Each structure stands twice: as structure tokens, then as C-alpha cells.
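Please read them alongside the coordinates.

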Amino acid sequence: MDPQRPSILVVDDEPSITDVVHEYLSTLGYDCTSTSDPEEALRRLRESTFDLVITDLNMGQLSGMDVLKAARGTDASDTMVVLMTAYPTVENAIEALMSGADNYILKPLSLETLKHVVEGSLEKQRLARENVSLKESLALYRASEALEAPLELPEYLNMVLEVALGELEGQAAQLVLLEGDATERRVLQQIRRDPSGGTLKLTEEEMLRLAGELAEESGAMTTTDIGDHGPLLVLPLRAGGDVVGLLAVHRRQGEAAFTPAQTKALSIIGSGAAVAIKNARLYNSLQEQYLGAIRALVAAVEAKDPYTSGHSEKVGQYGQMLAHEVGADQEIIEGMRVVGLLHDAGKIGVQESILLKKGNLTKEEYKHIKDHVNMSMRIIKPLPLPDVVPRAISEHHERLDGSGYPKGLSGEEISLSGRIIAIVDVWDAITSDRIYRTRMNRQEALDTLDDLAIDKLDRELTEIFKNVVPAS
Ligand SMILES: [Fe+2]
């Protein structure tokens, strides 16, 4: 077929008609194919795509409806279909148009009408295609804009739902993140956008079933045959051969079906989402690997000084507890676990003779110990951590009166997470045995915190901590 000229397939069981139409359309410059065998028409439709199909409605065993269905093929197909019939009734006109035919022509044919209908149909198609590319650019623009923005995955996926709802004029949208393969697939997470507050949604079971059915498909599927759902567009989100999620947009029962343009737009929006999910997973697994290495490092630090064994975990737990208690942001609460784990990682660089020294430290030795904070910062530098984590680690020995290290920050210069970590680090240190001293009992430790809260630790946070810290 000539890609420059619109391709038209003509199907009629009367060869005299196909001959006339074929010849006429060819003289008008169209790339025309014709057949009087409906089976042959179906075969050709399986093999290639036509811009327009003109088919007789009544052709013995097969009807024009079969040709129409074959021409529509996938939901993404935008082939125009014109039905020809010699027996016009209101019913078959309605049936033709309801089933997706774009127009119909009455027999006996008038060539003038045929020309008019063909041109009209192709013009409609051209406009629809332009609309698709407009939507594509818009969706791509928005999706790419979002992709470049420093959004976390949940925020990004919420935005994908927002864009999908707006672009597709849907009533609700939902997205599930999946893991596993065909043998065992699980829903990891599900997010929904339903501005109407209605109940348009697929259950996890329905989503999993659709993921299985669509696993081999690349495009979106539009359907209305799931329970009592209205028009529904479902797109498998694929990354590297796996179905990593499913994106669905709903309309209410009785509302118009999604158009091919909208189906295509969803595919574009979804392709951005699939990439983002894949990247986030890769990033998480890299982060886990690095954290695993750091854990090994922390274990090595704690092995150097058996007295500090378990210190990092406990500081993380206490830190999370206090952050939660004071109503800190979720980012700080979650970050505290990592802060606890990593804050003393730099002690790997401190000489054992100094780390384990029983007597007083010389000025030089103390300076060397203090350097563990900078060393910790160097170790965590390659880790993509939220800002609160490195900041808290850098501040865990800072004191409100400026007497701390390494920078001697004071007052408001020290972040909330830095103040939290300072309190819980001191607490775990004084309530644990050290090589150079035994641990304080609870009352002594509480009194020590009170003393430090006069000018070194945050008084308000210390009071809250004292009320919640469990007996160790
Ligand atoms: Fe430290």
C-alpha cells in the first residue's frame, strides 16, 4: 500500500459493485483494494490496516457487521467503516451506528454520494488523528514535566492519576503496583482518585485478573463487561517485560465509551508511569544494597567496641519514638531509623587504641574521636538520602550552647532532627556500659538529662523524651 494515499478496502458480495467502486475510488487517487469474498476481506484485515473500509451489510453467511468488527480490531484502531445497504431500516441504521460504523450509504449507489461519504469519513479521521497527536503532546509534556520534577514515586503516581482523569474525562482513576509474575502476582500498593466520592473501582481480585489477561498486551483495553462497571479503560504498566502495575480510568454506567484517541493518550501517560515505577524500584534496590553495606560497616564499628553493640539500632528506635511523640514530619520520623544506623559509621576510622582507651583522652586523641562525625558524613555522601538524614548526622554532637562539635552550632542553627538525635544518643550512651565506666541507673540518667537540658539539649524535647522512654 502507498503510505501517502489513504487506503480503502471495499467489500461486497456483488463483484459488479466492487468493480465500479474500486475503479471510481482509484481514479480519485485512493489506494483501493476490493473483494467480493467476505472471508477474503477478513483475512486482509488481519494482515493489514486500512484507513477506510466500505462494506456491504448483507452478504450471505457473513454480514457487514463481521467485517466492521474485524476492521475495528483492537480498541486502538481508528479505521473508519462505512456500511452499504440496500434495505434501509431505522433499526439497521441505528444498529450500524451503535456498533461503531462511522457512516452508511444506501444502494443503489450514487457515485457522488460515495465520494462525499468517503471524503467526510477521511476528514473525520484526520481530525481525530490530529486530536490524538495534540493529546499525545499534551500528555507527554505533562508527564515529562512531572518526571523531571523531584517528586517521590507516590506523588508522581498521584499526578499520573490526576492527568489521566483530566485527559480522559473520567470519573475515577486507580493504579495498582504489582509484584511477582504470572505464577504469583500480588498487589503491593493501590492508589485511587475519585473526585465524585463514588464507588467506581475495581477490587484487588479484578485488578489481578486483568493483569493476567493483559500481561501479553501492549496497549490499553477498554471494556464495560466487568460486573456493573460503566466504560472502563485499563492499561497494563510494563517495564522490562514485567507488568509492574495497572492503570484504570472509569466512567459511570451509561456514559460514552472511551475513544481511540483517549486510549492512546492513556498509553502515553502510562508509559511514563511504568518507567517511574521501574526506576524507583531500581533506586530502592540500590539503596538497600548500599544500606546493607553500611549495616555491615556499622557491625564492624560495633565489633571494634563491643560495648557499643546495638547502640545504632537503639538510637534509631528512640529517635523515631521521640520524633513521633513531638509530631515531627513523617520524613523525619522515617529518617531517624537511618540516622540512628549511620550516625557513628565514621568510628570505623577511629583507632582502636583510642576508641577502647580506659583512661582520659589527650587533646589530640579527643580531636581524633571528634573527627568521626566528618568521617560519617563522607561515608553517607553517595547515599541518596532525604536532607534531614545527613543534617541530623552532622549535628548529633552539636549542643545548644555552642559547645558541641564539629561546627559548634548553637540554638536555632541546630535542626529539630539534630536536637532529637543528640538527646537519644546521649541517653543510650549513659544507660549502656562503656569500657571506661558502667552505666547509670535510670534515675541518674534522667537527672543527667535534666542537667544537660539546662543549656546543651533542647529542654522541651528532653521533657517529652523523659516521659516516654521505656526502662531498658
Ligand atoms: Fe557519635
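Is the crossing of H9 and H10 right-handed or left-handed?

1. The crossing of H9 and H10 is right-handed, a crossing being right-handed if the near helix is turned clockwise from the far one by less than a right angle and left-handed if anticlockwise. The axes of helix H9 (residues 311-325) and helix H10 (residues 330-342) come within 7 Å and cross at roughly 160°, where axes are lines fitted to C-alpha atoms, for helices over the stretch in contact, and angles run from 0 to 180 degrees between N-to-C directions. H9 is therefore roughly antiparallel to H10, the label used for angles over 145 degrees. Among the residues making the contact are Val 315, Gly 316 and Gly 319 of H9 and Ile 333, Met 336 and Gly 340 of H10, contact meaning that C-beta atoms, placed from the backbone, lie within 7 Å.

2. This is a predicted model, in which local features need pLDDT of at least 70 and side-chain atom pairs count only at pLDDT 80 or more, while totals for chains, interfaces and linings use all residues. Residues are numbered from 1 along each chain as its sequence is written. Helices (H or I, at least four residues) and strands (E, at least two) are DSSP runs, numbered from the N terminus.

3. An open sheet of 5 strands, with parallel pairing, has the order S2-S1-S3-S6-S7; two strands pair if DSSP finds at least two bridges between them. Its edge strands are S2 (31-35) and S7 (103-106), and neighbouring strands are turned by 20° against each other on average, direction ignored. Helix H1 (residues 15-27) packs on this sheet, touching S1, S2 and S3, and its direction makes about 175° with that of S2.

4. The largest nonpolar core has 40 residues, with Val 160, Ala 164 and Leu 246 having the most contacts inside it; such a core is a set of buried Ala, Val, Leu, Ile, Met, Phe, Trp, Tyr and Cys residues joined through C-beta atoms within 7 Å, and buried means that 20 or more other C-beta atoms lie within 10 Å of the residue's own. Helix H8 (260-304) is one of the elements that give two or more residues to this core, and the largest share, 9 residues, comes from H8. A second, separate core of 36 residues includes Val 338 and Ala 422.

5. Since 7 of the 9 residues of S8 are buried, this strand is largely enclosed by the rest of the structure. S8 pairs antiparallel with S12 through 6 bridges, and with S9 (residues 185-193), also antiparallel, over 8 bridges. S8 and S9 form a hairpin with 4 residues between them.

Conventions: Contact = placed C-beta atoms within 7 Å. Buried ≥ 20, exposed ≤ 12 C-beta atoms within 10 Å, placed from the backbone. Parallel < 35°, antiparallel > 145°, perpendicular 65-115°, else oblique.
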